[in-house]
Amino acid sequence: MKRIKEHPILGKEEKRKKIKIVVNGKNIYAYKGETIAAALIANGYRDFRYTHRFNLPRGFFCGIGQCTDCSMIVNGVPNIRTCVTRVEEGMIIETQYGYGDKDGKNERS
Amino acid sequence: MERMREVELLVIGAGPAGLGAAIEASRYGVKVLLVDDKDKPGGQLFKQIHKFFGSKEHLAGTRGFDIGLHLLKEADSQGVEISLQTKVLGTMDKDVISLLVKEREMKLLKAKRIVLATGGIEKALSFPGWNLPGVMSAGAAQTLINIERVLPGERILMVGSGNVGLIISYQLLQAGADVVGIVEAGSSITGYLVHAGKVMRAGVPIYTSHTIKEARGGKSVEEVVITALDRRWNPIKGIEKTFSADTVCISVGLNPNGQLASLAGCEFKFFPELGGFLPLHDDNMESTKKGIYIAGDLSGIEEANSALDEGRLAGISVAASLGYIDSNRFAKLKEDYWDRLNKLRGGPFGHKRSIAKKKILLSSQQKEMRYQEIDCIELEENTKLKNYKSIPSLKEFQEFPGYPSLSRIKKGAVACIECIQEIPCDPCVAACPFKAININPYITDLPYLDENKCKGCGVCIASCPGQAIFVLNYNYSSEKAAISFPYEYLPYPKIGGKAVGVNRKGEPVAEVKIVKVDKRANFDKTAVITIACDKKYINQIRSIERIKDDA
Ligand SMILES: Cc1cc2nc3c(=O)[nH]c(=O)nc-3n(C[C@H](O)[C@H](O)[C@H](O)COP(=O)(O)OP(=O)(O)OC[C@H]3O[C@@H](n4cnc5c(N)ncnc54)[C@H](O)[C@@H]3O)c2cc1C
Ligand code: SF4
Ligand code: SF4
Ligand code: FES
């Protein structure tokens with residue numbers, strides 16, 4: 001999707017520091033201070049995790065840390081709610097399959 | 001062991017209700033700790049980039065986030081201590097409160113009084129495909145566009161035509177997305193007509209008696225199917241429409257966020273008009289648990305102004321209960337707040353809420369009753385809310401006191417106020433330098449235009465949060481009339497250029513010429529555009545098609 005560079009009410013996008021994050025092995029740019037979910041959606045990612053039993057995609061839903069649909073593996077830790085976690089330089093983010101913790105590995109059912 | 005910290009007042013939730021409570025209690029000398037689980041204060045306010053309704057005391061006509069800033073300043077000057085990223089987990093026993101700070105650190109706290117202002121929670125809706133990526137709550141989409149400045153998608157279907165659905169649809173358009181439609185299961189638009197008017201002029205269709213049937217797609221939404229409903233909300237077979245869309249926003253109402261109140265043992269009751277189960281309270285905003293007060297969306301889903309006033313009322317009640325305000329003074333202050341709250345709940349939209357609130361007070365079984373059962377019954381009989389399935393016809397608008405007469409229109413520039421529902425709003429009155437607009441005696445009364453006093457100066461246009469005021473100048477030139485209207489989209493049209501003039505439903509009427517784009521600073525980001533068109537369109541054209549290409 002895209003970032004809103006100019007806005008009739010909010011004005012021009014504020015200059016923010018660009019940082020690098022790694023999503024499923026690929027480098028992408030994010031802005032300091034934004035949530036992981038926002039950075040991902042801005043870069044066209046929408047399926048954040050796949051469910052344990054039926055392997056169905058889930059993504060950003062409630063946006064306030066309540067539904068856990070946006071959980072991903074962040075720096076090796078599964079079940080991180082990306083809508084309430086802000087990006088940090090060099091963060092490693094992976095799609096989560098199932099509970100993301102089988103033998104410490106991300107299972108793909 | 002470290003001694004447990006004890007505060008006089010703990011306020012939970014830093015939205016308008018919590019801020020109001022903290023500010024007022026502090027003003028009278030109470031030591032207040034205000035906590036919120038988010039990393040920024042303001043609750044819902046900072047997502048609200050539109051101009052708010054209300055009266056002067058409520059800063060009506062000011063954008064939500066500016067109201068938020070104003071309240072934060074007030075809290076700061078009153079010396080309110082705010083602790084963010086602090087989630088209240090519950091009350092362990094009578095007065096030990098457990099807090100989780102930054103998701104890691106547990107803290108215990110004692111408080112002499114508590115104000116719960118935990119807001120509301122958006123309702124979900126289940127349909128095939130509801131959990132596909134791309135389906136999200138409308139509030140989540142609003143956070144993305146207005147806080148994160150990222151578009152959730154390019155083609156969006158909104159489910160629900162309440163004020164939240166209408167406002168967020170409008171904001172999605174402002175952010176640059178297309179809204180393919182708004183579906184509403186009920187037979188008429190449930191939000192304010194002026195909000196519906198904004199999106200309809202922008203060409204967004206509102207499908208009443210329709211709901212979403214399915215969202216389809218592989219990894220995320222690609223297509224949506226909507227279906228018509230009969231009067232019992234059963235799908236009518238065969239009346240379906242399929243749209244290509246990448247996002248579905250759900251806006252089907254909020255429930256009071258009562259977790260903490262229920263853990264604390266407050267008594268709840270079901271009030272559908274106010275969003276569902278909610279804690280009972282008396283006319284001091286005290287719940288059935290002594291020392292625990294509630295305010296805002298938690299005590300019934302309403303809007304920011306009433307949340308703020310309920311919060312302020314809870315704040316002074318706490319101050320009085322701790323001996324900071326004497327009883328005479330308190331009685332007077334309390335009357336003022338009830339007066340304000342009752343005015344906000346006046347008019348047909350506030351009517352059901354008003355009755356429900358009265359029932360809450362009744363069931364809290366206070367000795368000193370503010371209302372008698374009989375009042376509620378009388379009120380119920382007076383309910384009269386005119387609902388609209390779509391934008392009313394010109395003829396209907398002309399029947400209202402804001403529409404100038406034909407003879408006045410022919411005399412030259414005059415305001416045309418298309419605000420025909422009794423909503424709690426009045427900034428247009430103060431905006432007019434010639435006192436040509438009146439709303440009397442209640443804030444929920446309709447605006448009345450004194451067409452002989454009106455000079456057609458157009459100052460009122462940008463002041464109206466409903467974007468319902470236009471200026472019609474029949475005598476712009478010998479062949480052309482000019483029409484001025486509010487406009488909040490980018491890019492702005494160019495003076496001298498051509499545009500497509502549209503009617504109240506966003507349907508193209510005729511090619512028009514842009515003669516003025518007024519962006520003066522005190523219009524606060526609402527541009528006022530003036531177009532010239534054939535005189536015969538004076539009662540039809542109300543906006544222009546949004547300009548898609550930045551070229
Ligand atoms: C899209 C939209 C448009 C709106 N437009 C208008 C409008 O034009 N005019 C108007 O008057 N009103 C409007 N409103 C309504 C208004 O925003 C709400 O009624 C108002 O914000 C309610 O205030 P509140 O303080 O009760 O709750 P909130 O503003 O929701 O604040 C509650 C706060 O409590 C925090 N919290 C909850 N639980 C805990 C916990 N356990 N520990 C710590 N903190 C917690 C939450 O994180 C939140 O910050 C709109 C609402 C929406 C969603
Ligand atoms: S156009 Fe000018 S004079 Fe007429 S109502 Fe509006 S502000 Fe008043
Ligand atoms: S016309 Fe007046 S009362 Fe109606 S929405 Fe506009 S400012 Fe509010
Ligand atoms: S989107 Fe619901 S928890 Fe993140």
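**Entry 1: ligand 2**

Around ligand 2 I found A415(B), C432(B), P433(B), F434(B), A436(B), I437(B), C454(B), K455(B), G456(B), C457(B), G458(B) and C460(B). The shell of ligand 2 splits into nine nonpolar residues, two polar and one charged. For these classes, Ala, Val, Leu, Ile, Met, Phe, Trp, Tyr, Cys and Pro count as nonpolar, Asp, Glu, Lys and Arg as charged, and the others, Gly among them, as polar.

A note on what I am reading: this is a predicted model, in which local features need pLDDT of at least 70 and side-chain atom pairs count only at pLDDT 80 or more, while totals for chains, interfaces and linings use all residues. Residues are numbered from 1 along each chain as its sequence is written, chains are lettered from A and ligands numbered from 1 in the order in which they are written, and side-chain values use heavy atoms, with hydrogens and water left out.

**Entry 2: ligand 3**

Which residues are around ligand 3? I noted F53(B), I417(B), C419(B), C425(B), P427(B), C428(B), I439(B), C464(B), P465(B), G466(B) and I469(B). The shell of ligand 3 divides into 10 nonpolar residues, one polar and no charged.

**Entry 3: ligand 1**

Ligand 1 is surrounded by 33 residues, and the closest are D36(B), D37(B), H50(B), D297(B) and A304(B). I sorted the shell of ligand 1 into 13 nonpolar, 13 polar and seven charged residues.

Then I looked at oxygen atoms of ligand 1. One is 2.6 Å from a side-chain N or O atom of D36(B). A polar side-chain atom of E303(B) is 3.1 Å from an oxygen of ligand 1, and a backbone N or O atom of A304(B) is 2.9 Å from an oxygen of ligand 1. How much of the accessible area of ligand 1 does the protein cover? The protein covers 93% of the 1,000 Å² that ligand 1 has on its own, with areas from the Shrake-Rupley method and a 1.4 Å probe.

Where does the shell come from? In chain B, α1 (16-27), β4 (86-93), α4 (163-175) and α7 (304-321) each give at least two residues to the shell around ligand 1. Helices (H or I, at least four residues) and strands (E, at least two) are DSSP runs, numbered from the N terminus. Domain 1 (5-119 + 255-373) and domain 2 (126-251) of chain B each supply at least three residues of the shell around ligand 1; the bounds come from an automatic or database domain assignment.

I found T247(B) in strand β15 (residues 247-250) of chain B. Is T247(B) buried or exposed? T247(B) is buried, at a relative accessible area of 0%; buried means under 20%, exposed over 50%, and partly exposed in between (1.4 Å probe, protein chains only).

Helix α3 (residues 138-148) of chain B has 10 of its 11 residues buried, among them L144(B) and I145(B). Just after α3(B), R149(B) has a positive phi of about 60°.

**Entry 4: strands around β6(B)**

I traced the partners of strand β6 (residues 105-116) of chain B; two strands pair if DSSP finds at least two bridges between them.

- Strand β1 (residues 5-12) of chain B runs parallel to β6(B) over seven bridges, and V7(B) has A111(B) as its bridge partner.
- Strand β5 (residues 96-101) of chain B runs antiparallel to β6(B) over six bridges, with L99(B) bridged to K107(B).
- Strand β19 (residues 292-294) of chain B pairs with β6(B) in the parallel sense over three bridges, and I294(B) is the bridge partner of L116(B).

The hairpin of β5(B) and β6(B) has three residues between its strands, and K102(B) there takes a positive phi near 50°.

Terms used
Near = heavy atom within 4 Å. Polar contact = N/O pair within 3.5 Å; in protein donor to acceptor, adjacent residues only side chain to side chain.
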